[in-house]
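Subject: Structure handover

Hello,

Here is the structure for your set. My notes on it follow below.

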Amino acid sequence: ITDAVVFNAVKAQTGGRLKICFSGGGSLSPSTQSFVTNSLNILIQGYGLTETVAMAAILHPQFYAVGVAGGPVPSTEVKLVDVPEAGYLSTNKLPQGEIWLRGPSIAKGYYKRPDLDKEAFMADGWFKSGDVGQWNPDGTLSIIDRVKNLVKLSHGEYIAIERLESLYKSCPLVANGCVIAKQDHNAPAMIVVVHPANIMSFAKSHGVDADADDLEHLCRNKKLNAEVLRELNEHGRKHGLHK
């Protein structure tokens, strides 16, 4: 019934013959993956870099899961190397660490950049991706972080800037944003660009300048700022962030 009433119209927008969707260009939110799979066609993820000739891991459609990059492709070895300062260890309940890759499909180095070669390519053929991965119980790989995106705050805690940005950008009130953190900060900050349409309806629903349609005016409203901050903090709590 739902296909006839709703989803067939969605499928028609892509020609009506699409069989499968694939995402591998960056992090994909679980809600987006689930929505596309339910409303259009199965959406699977993969993982790779330019240095790995694109694909290093891919999820087989018969083993569909959300938030999983899949298993290594036949040409690639994958291992996780501890990142102790961030708590990503192979001895964790689910093994975690920086993703290292090796195999015939891995590049040998960078063009005329021996300085970068020393940082990324090991003498025994391993390539350091800079991404943090996790082995799941079924043998699949999940990408959970980026080593260079980890920032140590003044009290010693490491935070993942890219993960925070991705999480908060999934809030309906946020059109875009930039997380700022330094070693002398005790907490991260974020510059938020509000969603023009959603912030208007949000303001009206909270009784803030119900008749105002000036975005700049709304963004300067202290009551609205407090309500948006409360909404963002609640969004973070729902996604498991610590205070």
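Two terms come first: helices (H or I, at least four residues) and strands (E, at least two) are DSSP runs, numbered from the N terminus, and two strands pair if DSSP finds at least two bridges between them. This is a predicted model: local features need pLDDT of at least 70, side-chain atom pairs count only at pLDDT 80 or more, and totals for chains, interfaces and linings use all residues. Residues are numbered from 1 along each chain as its sequence is written, and side-chain values use heavy atoms, with hydrogens and water left out.

**Sheet.** Four strands make an open, antiparallel sheet, ordered E5-E6-E7-E8. Strands E5 (77-81) and E8 (141-146) are at the edges with a single partner strand each, so one side of each has no neighbour in the sheet. E5 pairs with E6 (residues 96-102) in the antiparallel sense, over five bridges. Val81 stands opposite Glu98 in E6.

**Cysteines.** The structure holds zero disulfides (cysteine sulfur pairs within 2.5 Å). What keeps Cys171 from a bond? Its closest cysteine sulfur, in Cys219, is 14 Å away, which is too far.

**Helix H1.** Val5 is found in helix H1 (residues 2-12). Val5 is exposed, with a relative accessible area of 63%.

Best wishes

Definitions and conventions. Buried < 20%, exposed > 50% of the residue type's maximum accessible area, 1.4 Å probe, protein only.
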